[in-house]
Amino acid sequence: MRDVYVLGIGQTIFGKHDSLTVNDLGAAAALAAVKDAGISPKELKVAYCGTMFSPPTPVQSILFHLGADRIPMYTVENACASGSSAVHLLFQEVALGVRDVGIALGVESLSAFNRKFGKGLLAIEGDLQGKLALTMPSFFAKLCNRLMEKRGATIEDICYPSVKNHKAGMTNPYSQYKTEVTVESIMASPMIADPITVLQCCPQSDGAAAVIICSEEYYKQHNKKAHRPPVRIAGSVISVSGAEDVSYDPLAMQVVIKGAKDACEMAGVDPQKDIDVVELHDAFSGEELAAYEMLGLCEPGEGVAFARSRAVELGGRCPVNPSGGLLSMGHPLGASGVRVVNDIARQLWGEAGVNQVEGARVGLAQMLGGVLTGIESPVVAGIQILMI
Amino acid sequence: MSKQVVFYPGALEERDGKLVQMGHKCKDCGKTSYPAVELCPFCSSENVERVPLSTTGTVFSYSITRVPVGPFKPPIIGGYIDLPEGTRVFGQIHAKAEEMKTGMKVKVRTGVIWTEKDGTEVIGYHYVPCETGSGGA
Ligand SMILES: [Zn+2]
């Protein structure tokens, strides 16, 4: 396997872009990424795009805007890990020596989705549990209830990631929300599924992100930003769950635990010591609280104590979602898996502005997608580890 | 009589005049899966037989949804029910919010779970607490 480097990143502001198509959004992110990389779009040798609800062949249509054509292009769908999967497949091609440089895109327009299918909670078509009204909030409400029962989490603990991430998002120029929230305002917002209120859920968003990934040789020849420390993708894993029985514990999802462990082994890092910053899938505030221990940032069962120690805030041992996370950045489904990789690269380059984690050298980007029940519909975790 | 359909193909079957949830028991690994799929989802064995699921179980975890979802009006109590054969089943629980508890015993009820606009009755299942017996509609 060859070393794989991040040459450039780009994204749109996340939020409501009602007048823009996925092609417009994707093109804006792709153009920003090639400009950041300082290469011509004609240099790209392969392209991957993660998306859930776009029209067919979005990647061809997006890159047509840039004159990037006549190269292999693929659109991949893996729920919220669609963007992670695009990054992973491009990583593999470069690592295995198939191509020297390519682009991984992620794009979504929930505005377009809502125009087509109407607003409301997304239930999965044809899924037994979905037909019986299992939704993402109701699944994560069970997770929150279990965090309170088994881990001693309080409502304050459950709300903590939302408070922290909304605060961080206020100073991120790309974020959808610019509003601080408190435990009181969170719990005063409309209840979706006890104890999950609206302000514990990520918003519906439109947006796109793109990253240019290349080989070491290509990086040496083309990198024009000498001030940036070279950032390498040292580990990349796509982890999928399977059939589960009554032994399944949603506080110890093997798909996340094993995915993170494999990615850390691949990169040769110890998550408790070496990882300086994390961007993860906080679609719900309680989901982030449950993730700390599954990613190995602390001992199993210690996630709530880890949060209470403020280790996950700026200035703490391992800040989590200093971008503002999905909760404040927004969550254009297919784009988020690319966006988290970009945000980790930005941190390692020292370009994260007021949300900079000082001295960050190793970062982990995680996404989790699927119905999450583990019974009928397996889930997928995408994990990338970047380092300098 | 209005037209009736099962909410999920193969999830329920009529046996001795009663609708029962039908899963697959694997004769190789011993696990029972629900809903039934082609092979055992645990070990890929073809050696599976259709079996009725246990009609009682315990609540592994639950949540109460306060907004409408599809044809269902809030509050919607949904939970994972652990069956004695080791299978975890998702279902709605018709109970009062204040009587809900993790670990409580529930039993299954089958029947109409919603009616389509054209009058088609959709047949499914839900759980009710064992203690109070009848539960909601
Ligand atoms: Zn089996």
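## Where the two chains meet

The area buried between chain A and chain B is about 2700 Å², and carbon and sulfur atoms give 63% of that area. Buried area is the accessible area (1.4 Å probe) that two parts lose on being put together, summed over both. Three residues of chain A stand out: A:L128, A:L132 and A:K142 supply 25% of the area that chain A buries against chain B, more than any other three residues. In terms of contact (heavy atoms within 4.5 Å), 31 residues of chain A meet 34 residues of chain B.

This is a predicted model, in which local features need pLDDT of at least 70, side-chain atom pairs count only at pLDDT 80 or more, and totals for chains, interfaces and linings use all residues. Residues are numbered from 1 along each chain as its sequence is written, chains are lettered from A and ligands numbered from 1 in the order in which they are written, and side-chain values use heavy atoms, with hydrogens and water left out.

A salt bridge is a side-chain nitrogen of Lys or Arg within 4 Å of a carboxyl oxygen of Asp or Glu. A:D245 forms a salt bridge with B:K31, and their closest N and O atoms are 2.6 Å apart.

On chain A, α5 (128-131), α6 (136-151) and β5 (191-193) each supply at least two residues of the side that touches chain B. The largest share, seven residues, comes from α6(A). Helices (H or I, at least four residues) and strands (E, at least two) are DSSP runs, numbered from the N terminus. By class, this side of chain A has 15 nonpolar, seven polar and nine charged residues. Ala, Val, Leu, Ile, Met, Phe, Trp, Tyr, Cys and Pro count as nonpolar, Asp, Glu, Lys and Arg as charged, and the others, Gly among them, as polar.

## Helix pairs in chain A

Take α7 (residues 155-169) and α11 (residues 285-294) of chain A. Their axes come within 7 Å and cross at roughly 100 degrees, so α7(A) is roughly perpendicular to α11(A). Among the residues in contact are A:Y160 of α7(A) and A:Y292 of α11(A). This contact has six nonpolar, four polar and three charged residues.

Now take α3(A) and α14 (residues 333-349) of chain A. They pack at an angle of about 55 degrees, with their axes 5 Å apart, which makes α3(A) oblique to α14(A). The contact of α3(A) with α14(A) has three nonpolar, five polar and no charged residues.

Axes are lines fitted to C-alpha atoms, for helices over the stretch in contact, and angles run from 0 to 180 degrees between N-to-C directions. Angles under 35 degrees count as roughly parallel, over 145 as roughly antiparallel, 65 to 115 as roughly perpendicular and the rest as oblique.

## Loops to look at

Chain B has a cis peptide bond between B:Y34 and B:P35, with omega about -5 degrees. B:P35 lies in the loop between β4 (32-33) and β5 (48-52) of chain B. Another cis peptide bond joins B:P74 and B:P75. B:P75 is in the loop between β6 (56-65) and β7 (76-82) of chain B.

In chain A, A:A79 has a positive phi of about 50 degrees although it is not a glycine. A:A79 lies in the loop between β3 (73-76) and α3 (82-95).
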